[in-house]
Amino acid sequence: MNIIVFASRKGGSGKSTLAAHLAAHVHKTSKPCLLVDADPQGSLTLWQKLRGTDEPPIRQAVRSVSEIVAAAKRDGYEYVFIDTPPTMSAVVEDAIRNATLVVIPARPGVFDINAVQETIQLCRSARRPYAVVLNGAPAMRDNVESRLVRLAREALAKFRVPVWGGQVTNRADLILALAHGEGAKEYFAEGRAASEINRLWTAIERSIKAIRGTVSSSGAMHKQAA
Ligand SMILES: Nc1ncnc2c1ncn2[C@@H]1O[C@H](COP(=O)(O)OP(=O)(O)OP(=O)(O)O)[C@@H](O)[C@H]1O
Ligand SMILES: [Mg+2]
């Protein structure tokens, strides 16, 4: 079983957005994904209610995720996605301790990049693999990243932080899909939002395989220092 934790003490960086879109992308009856909403704000729980189905299933966690994780293992889930609050609280530490991979979304701004450091410190102390994902980025032009994204990568490089090579662009479709209780692919399969979520998932899957030792870790997002 693989546990992907979405964490950042910076509010509004995109934890719940990425968790929801990736879960909708990944969940299949054959490869079930369990959502864990460890944030009292309840964003993922709201999204799952809007879906109007119980798929993917969701559990709420308050202080600890360990019991939910143990039950998920017994129940044969392939993936558990944990959305966490923008804090450094006990439940965040517990989620990170349980993580196969920690995804740290960050918007490409100076305050945002600075704020990821505390979350990174938690991952490092717990010795869990992590990668920053630049989210809410200005669109690329002619396949070239915006200056803002370039500067963010430069800033992260100073701390030798692993960063996904792609970006999730600021797109209304990502918000509209969530309002319908959908993921990007369900909302508009041919859209750019769906293609970015697909690329992000491919990178996460590759990292998980590298962490499990089934493929080489070279080029995996959690090894890719900016
Ligand atoms: N790539 C994006 N494009 C457009 N809007 C986005 C994107 N990512 C996030 N948002 C919007 O930004 C807001 C904050 O995102 P989200 O709630 O996912 O962040 P969060 O990290 O979970 O916040 P919190 O720390 O409060 O839980 C939401 O309104 C969401 O719809
Ligand atoms: Mg959230």
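**Ground rules.** Residues are numbered from 1 along each chain as its sequence is written, and chains are lettered from A and ligands numbered from 1 in the order in which they are written. Since I have a predicted model, local features need pLDDT of at least 70, side-chain atom pairs count only at pLDDT 80 or more, and totals for chains, interfaces and linings use all residues; side-chain values use heavy atoms, with hydrogens and water left out.

**The sheet.** I started with the strand order. Seven strands make an open sheet, β3-β2-β4-β1-β5-β6-β7, with parallel pairing. Strands here are DSSP E runs of at least two residues, helices are H or I runs of at least four, and both are numbered from the N terminus. Two strands pair if DSSP finds at least two bridges between them. At the edges I found β3 and β7 (168-169), each pairing on one side only.

**Strand β1.** On the β4 (residues 79-83) side I counted five bridges, parallel, with Ile 3 partnered by Val 80. To β5 (residues 101-106) there are three bridges, also parallel, and Ile 4 sits opposite Leu 101.

**Cores.** Which residues touch the most other members of the largest nonpolar core? They are Val 5, Ile 82, Val 102 and Val 132, out of 36 residues. Helix α5 (residues 110-125) gives the most to this core, five residues. A core here is a set of buried Ala, Val, Leu, Ile, Met, Phe, Trp, Tyr and Cys residues joined through side-chain atoms within 4.5 Å. I then checked Ile 82: leaving aside neighbours within four places in sequence, its contacts (heavy atoms within 4.5 Å) include Ile 3, Val 5, Val 36, Val 65 and Ala 95. There is also a second, separate core of 34 residues, with Val 103, Trp 164, Leu 178 and Ala 203 among them.

**Helices.** α5 lies across β5 and β6, at about 170° to β5. α1 lies across β1, β2 (33-37), β4, β5, β6 and β7, at about 160° to β4. Axes are lines fitted to C-alpha atoms, for helices over the stretch in contact, and angles run from 0 to 180 degrees between N-to-C directions. α1 (residues 15-26) also packs on α9 (residues 192-212) at about 80°, axes 10 Å apart, so α1 and α9 are roughly perpendicular (65 to 115 degrees). At that contact, residues including Leu 18, His 21 and Leu 22 in α1 meet residues including Ile 197, Trp 201 and Ile 204 in α9.

Most residues other than glycine have a negative phi, and most peptide bonds are trans. The Glu 55 to Pro 56 bond is cis, omega near -10°, and Pro 56 is in the loop between α2 (43-51) and β3 (58-60). Asp 142 has a positive phi of about 50°, and Asn 143 has one near 70°. Buried or exposed, Asp 142? Asp 142 is exposed at 76% relative accessible area, and Asn 143 is exposed at 71%.

How values were computed: Angles under 35 degrees count as roughly parallel, over 145 as roughly antiparallel, 65 to 115 as roughly perpendicular and the rest as oblique. Buried means under 20% relative accessible area, exposed over 50%, partly exposed in between (1.4 Å probe, protein chains only).
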